[in-house]
Amino acid sequence: TQLRRWLGSPGAAALAARLKAVLVGGAPASPDLLKVAFAAGFPLRLSYGMTETASQIATTPTYYPEDERFSCGRVLPSRELRVDEQGQFLVRGMTLFSGYLRKDGTLDLPIDDDDWFATGDLGRIDERGYVTVAGRLDNLFISGGENIQPEEIEAVLRRMPGVEDAIIVPVDDDEFGHRPFAFVQSADPVAPAALTAHVRSALSGFKVPVGVHPMPAGESAGLKPSRAALRKLAAKLPRFPG
């Protein structure tokens, strides 16, 4: 959100020239937004992390390959990261927290015998060590026996011109169990038919949203949304016929 506002300000070019680095993290950023920021001269450093690891786990370095500019970079010093059989990131190292504080004042540190902490985040690490986040393990849902990772559909929607943000939540379905429903934020209205056609051109048919609705007020682009609240709202909204 802050980056978007900077880019729209009259002094964006002068600001970009004064900055040494702009750390981008906390929520997925639109590839189009990042491209505009790079072109405007903003020295972006994309990052992946979590509160339990004193914020950052991986961050893009000052100089990195052009084809990796949209990854989250490499793992930072004093941290280790690996991917388990579920595709989930496990992390350990000196920056890992001491644990969650229980009501009785003791600490709960949920780590395995080798000190690995399960992040709940899905992703991959390529042969060069660059980290890419795919989504949250607890966001995954099943539709007609097929796994759907909402973040995959959201990324496709964010690549559509005019779309600033998108959130996919599951809605109950008598035949398939669950189907994807989209909430979209855009500067100008975008036809639902155009949005679903865009998704269909990039992904399998079972990943095409059965409904599209404008993002509710208060769920601003770039901020972490309340998926639980959006799911409750989606259950009350109309879907496409058929």
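**Exercise 1. Which residues is Val 184 in contact with, leaving aside its neighbours within four places in sequence?**

Solution. The model is a predicted one.

Step 1. Set aside the residues within four places of Val 184 in sequence, then list its remaining contacts. Among them are Leu 157, Val 163, Asp 165, Ala 166 and Leu 195.

Step 2. Look for another core. As background, nonpolar side chains in soluble globular proteins tend to be buried together.

**Exercise 2. Decide whether helix H4 is largely enclosed by the rest of the structure, and name its buried residues.**

Solution. 

Step 1. Count the buried residues. Seven of the nine residues of H4 are buried, so the helix is largely enclosed by the rest of the structure.

Step 2. Name them. They are Pro 150, Glu 151, Ile 153, Glu 154, Val 156, Leu 157 and Arg 158.

**Exercise 3. Classify the ring pairs Phe 97 with Tyr 100 and Phe 181 with Phe 183.**

Solution. 

Step 1. A pair of aromatic rings is described by the distance of the centres and the angle of the planes. The structure holds five aromatic pairs.

Step 2. Take Phe 97 and Tyr 100. Their ring centres are 4.8 Å apart and their planes stand at 75 degrees. An angle over 60 degrees counts as edge-to-face, so this pair is edge-to-face. Phe 97 is buried, at 17% relative accessible area, while Tyr 100 is partly exposed, at 36%.

Step 3. Take Phe 181 and Phe 183. The centres of these rings lie 5.4 Å apart, with the planes at 55 degrees, so the pair is tilted. Phe 181 and Phe 183 are both buried.

Step 4. Check for a cluster. Phe 97 and Tyr 100 belong to one aromatic cluster together with Phe 117.

Step 5. Look for charges over rings. Arg 82 lies over the face of Trp 116, 5.0 Å from the ring centre. Arg 179 has its charged end over the ring of Phe 176, at 4.7 Å from the centre.

**Exercise 4. Describe the salt bridges of Arg 136, Lys 207 and Arg 227, and say where their residues lie.**

Solution. 

Step 1. Start with the total. The whole structure has nine salt bridges.

Step 2. Take Arg 136. Its side chain meets that of Asp 138 at 3.2 Å, N to O. Arg 136 is partly exposed, at 27% relative accessible area, and Asp 138 counts as exposed, at 55%.

Step 3. Take Lys 207. This residue forms a salt bridge with Glu 152 at 2.8 Å, N to O. Lys 207 is in the loop between H5 and strand E15 (212-214), and Glu 152 is in helix H4, 55 residues apart. Lys 207 counts as buried, at 13%, and Glu 152 as partly exposed, at 32%.

Step 4. Take Arg 227. Its partner is Glu 154, with the closest N and O atoms 2.9 Å apart. Arg 227 lies in helix H6 (residues 227-234) and Glu 154 in helix H4, 73 residues apart. Arg 227 is partly exposed, at 22%, whereas Glu 154 is buried, at 1%.

Step 5. Join the bridges that share partners. They link Glu 154, Arg 158, Asp 165 and Arg 227 into one network.

Methods. Residues are numbered from 1 along each chain as its sequence is written. This is a predicted model: local features need pLDDT of at least 70, side-chain atom pairs count only at pLDDT 80 or more; totals for chains, interfaces and linings use all residues. Side-chain values use heavy atoms; hydrogens and water are left out. Contact means heavy atoms within 4.5 Å. Rings of Phe, Tyr and Trp (its six-membered ring) pair if their centres lie within 6.5 Å; planes under 30 degrees apart count as stacked, over 60 as edge-to-face and the rest as tilted. Buried means under 20% relative accessible area, exposed over 50%, partly exposed in between (1.4 Å probe, protein chains only). A charge sits over a ring if NZ of Lys or CZ of Arg is within 6 Å of the ring centre and within 35 degrees of the ring normal. Helices (H or I, at least four residues) and strands (E, at least two) are DSSP runs, numbered from the N terminus. A salt bridge is a side-chain nitrogen of Lys or Arg within 4 Å of a carboxyl oxygen of Asp or Glu.
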